[in-house]
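Let's take a walk through this structure, one residue pair at a time. Have the sequence and the 3D view ready.

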Amino acid sequence: MSTAAAAAANSIRSSIPCADGLLSRARAKATTLSSSLTQSASVLCLQGVHTSSNSIRWSCGPVRAMAESQTLSVPKDEAQSSPSGKKQALISLSDKKDLAFLGTGLQELGYTIVSTGGTANALEGAGVAVTKVEHLTSFPEMLDGRVKTLHPNIHGGILARRDQKHHMEALSRHGIGTFEVVVVNLYPFYDKVTSTGGIEFEDGIENIDIGGPTMIRAAAKNHKDVLVIVDSQDYPALLEFLRGSQDDQQFRRKLAWKAFEHVASYDSAVSEWLWKQTVGDKFPPSFTIPLSLKSSLRYGENPHQKAAFYVDKSISEVNTGGIATAIQHHGKEMSYNNYLDADAAWNCVSEFQSPTCVIVKHTNPCGVASRDDILEAYRLAVKADPVSAFGGIVAFNIEVDEDLAKEIREFRSPTDGETRMFYEIVVAPKYTKKGLEILRGKSKTLRILEAKKNDKGKLSLRQVGGGWLAQDSDDVTPQDIQFRVVSEKIPQESKLHDAEFAWLCVKHVKSNAIVIAKNNCMLGMGSGQPNRLESLRIAMKKAGADAKGAALASDAFFPFAWNDAVEEACTAGIGVIAEPGGSIRDKDAVDCCNKYGVSLLFTDVRHFRH
């Protein structure tokens, strides 16, 4: 196009409404418009989300020729804005919270507001002047709203670099104005697919936003010139920034980071949902986990380690329970170790059907008891190891009422009968009003948590250097397996029940693990020893004389029997032993138990916990 023709075209644009659309369609007959969609593989990331990226690049022949022939930079102090000289803000929102506040603020600052559909109507209803996006594109919304903003007149105005002369000349040639502010949030895909009753596949597909992420990514990429907002909480900071006279690239970069994070989290939800709709396997070739910061912690496991706590926002975690979503009713802020211990206590106590109390110290249950009378269960759980219980976490699987709260508050340590028991955390499924009031009076620092039981079937993740291990959660209970009698002596029903109770307890003890139990009460446990014999000796010492006739459970098979753990247990008076079996010396264990008249049960299920 000649200089004279260009001048004439610009003159026409200024005098004829919607001339841009007429010229665009005429030009399209002579120039091929191409777009390219690039895509990168998603990766697992727990400290920030990195997902597939989509970018749309629009190219026209004359512009490409100029870009290839010369790259002219505009000095920073001469960076240009819209050819019309007007400041423009593009707003397209699904969540219209505080929209009137934003629109009014931008209008007062002299911005021309361009908007779409429902957002434009809401702004007009609030008395804010709006230019509808179709006025810029000369195209109406089409394909049931699938195409609204995917147009060079929109994305050119977002992506053009103000310090590149050929970018600004291209905009001027095509009559495209720049956008200085882009405010977008996305279709509520996450809320729709996690709603009660679910959603039909086709409805889920239609709730996948395309234009919104494209605008957000474009604005975030060009954040040096365009401010991008995806969170209504940032509206006041945006307006304050625009009222100031100083530019702050760090502010712009933070908004850009938040924008990319917003889109990445959105894409991760779409990816997770679509995988489950197609294959559904727990272990896809790659996946992304969106994490949301819940709190900054004072420190990590130790004071020299910085730490924070994140909530998993995966679709699979919605309404599935667990400590991460527990309500804290009272006490100091949770620490790194508090979360680990509370999680261990809650997972253990939630396994039991009868009213149960579990006390945990350093993620190991040191006291477990089940009784119809929960007060008695609490006392027995403390008695199992009162020294370890002091300063631990106490968990219940039933409501804490006034009587139980008083017992927790006033109970004295069995070691001296005088010292009140001290706890870091109490966790339960619910509390009565009076029970909560009494517990609050025990200590200003006592953390009181209300939690929902973890659902079964979750994916368990654990970090190792440079990678992550993924496995099914260990949801097996005594009701899911068979306790096979392999000894000559068949246990009585009560002894079999003791073995089942001990086996359920040992599942939650760090390997190598031994638990001794009787009458629905843990008597002693040995944990975390490099060899099983030492774990046995620790458990026997804690159980004392009560070990006679009790049940013993081991988390894994005994590699040796004679002059080792099995024989020591038999000679100490243990009545029944439950273990997975599977050793090449299983026959030795059977023969040893037969010699001493002890029942031996194989479960065929191992419970290693590292």
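D455 is partly exposed, because its relative accessible area is 35%, and that label covers values between the two cut-offs: buried means under 20% relative accessible area and exposed over 50%, using a 1.4 Å probe and protein chains only. D455 has a partner, K452, and the two form a salt bridge whose closest N and O atoms sit 3.7 Å apart. To count as a salt bridge, a side-chain nitrogen of Lys or Arg must lie within 4 Å of a carboxyl oxygen of Asp or Glu. K452 has 43% relative accessibility, so K452 is partly exposed too.

A quick word on what you're looking at: this is a predicted model, where local features need pLDDT of at least 70 and side-chain atom pairs count only at pLDDT 80 or more, while totals for chains, interfaces and linings use all residues. Residues are numbered from 1 along each chain as its sequence is written, and side-chain values use heavy atoms, with hydrogens and water left out.

Now move to D555 and R532, whose side chains meet in a salt bridge at 2.4 Å, N to O. This pair ties together distant parts of the chain, 23 residues apart: D555 is in the loop between β21 and α21 (565–571), and R532 is in helix α20. Helices (H or I, at least four residues) and strands (E, at least two) are DSSP runs, numbered from the N terminus.

What else does the side chain of R532 join up with? It makes a polar contact of 2.9 Å with the side chain of S554. A polar contact is a pair of N or O atoms within 3.5 Å; within protein, one must be able to donate a hydrogen and the other to accept it, and residues adjacent in sequence count only if both atoms are side-chain atoms. S554 belongs to strand β21 (residues 551–554) and is buried, because its relative accessibility is 2%. Leaving out residues up to four places away in sequence, S554 touches several others, including V506, I514 and P580; contact here means heavy atoms within 4.5 Å.

How many salt bridges are there? The count comes to 25. One of them joins the side chains of K542 and D385 at 3.3 Å, N to O. These two are 157 residues apart, with K542 in helix α20 (residues 532–543) and D385 in the loop between α15 (374–384) and α16 (386–389). D385 is buried, because its relative accessibility is 11%, whereas K542, at 34%, is partly exposed.
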